Amino acid sequence: MTARATLYTRAECCLCDEMKAVVRQVAGEIPLVVEEIDVDSAPELQAKYGHDVPILLINGHEAFKHRTTVPELRARLQSL
């Protein structure tokens, strides 16, 4: 089964850029469907996630907030 990742992010966010790079690298190794959502695209998302991006959900559950590494994400996905 392919895992689904939802990445809440925003433009001009260095932490978001770091997490995007980690997700891209791991998605190249492990089957992963990635949806990226800009929290500034809707007021309700901005209110909910505005100060906490990036946030990575895996299969609908929060997995990482602010930072993760390739080994951490790989381990989390392999444990599914």
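This is a short walk through the structure, one selection at a time.

**Before you click**

What you have open is a predicted model, in which local features need pLDDT of at least 70, side-chain atom pairs count only at pLDDT 80 or more, and totals for chains, interfaces and linings use all residues. Residues are numbered from 1 along each chain as its sequence is written, and side-chain values use heavy atoms, with hydrogens and water left out.

The protein averages 96, and 100% of the residues score at least 70. Confidence is lowest in helix 2 (residues 43-49), with a mean of 93, and highest in strand 3, at 98. Helices (H or I, at least four residues) and strands (E, at least two) are DSSP runs, numbered from the N terminus.

Four of them make an open sheet in the order 2-1-3-4, with mixed pairing; two strands count as paired if DSSP finds at least two bridges between them. Strand 2 and strand 4 sit at the edges with a single partner strand each, so one side of each has no neighbour in the sheet. From one strand to the next, the twist averages 25°.

Now pick out I55 in strand 3. Its bridge partner in strand 4 is K65, and I55 is also the bridge partner of Y8. Strand 1 and strand 3 run antiparallel and are joined by four bridges. Strand 3 and strand 4 also pair in the antiparallel sense, again over four bridges.

**Stop two: T6**

Select T6, in strand 1. T6 has 15% relative accessibility, so it counts as buried (buried means under 20% relative accessible area, exposed over 50%, partly exposed in between, with a 1.4 Å probe and protein chains only). Which residues does T6 touch, leaving aside its neighbours within four places in sequence? They are E35, I37, I55, L56 and L57, where contact means heavy atoms within 4.5 Å.

**Stop three: the cysteines**

C13 and C16 form a disulfide, with their sulfur atoms 2.5 Å apart; the cut-off is a pair of cysteine sulfur atoms within 2.5 Å. A search of the whole structure finds one disulfide. Its torsion about the S-S bond is about 70°, so the disulfide is right-handed.

C13 and C16 are both buried, while C14, at 57% relative accessibility, counts as exposed.

**Stop four: the helices over the sheet**

Angles run from 0 to 180 degrees between N-to-C directions, using axes fitted to C-alpha atoms, for helices over the stretch in contact. Helix 3 lies across strands 1, 2, 3 and 4 as well, at about 165° to strand 4.

Finish by selecting V70, L73 and L77, which are buried in helix 3 (residues 70-78). They cover an arc of only 75° around the axis, which puts them on the same side of helix 3; the arc is that of the directions from the helix axis to the C-beta atoms. On the other side, P71 and Q78 are exposed. The buried residues of helix 3 pack against several elements, including helix 1 (14-27) and strand 2 (32-38).

Note on methods. pLDDT = per-residue confidence, 0-100.
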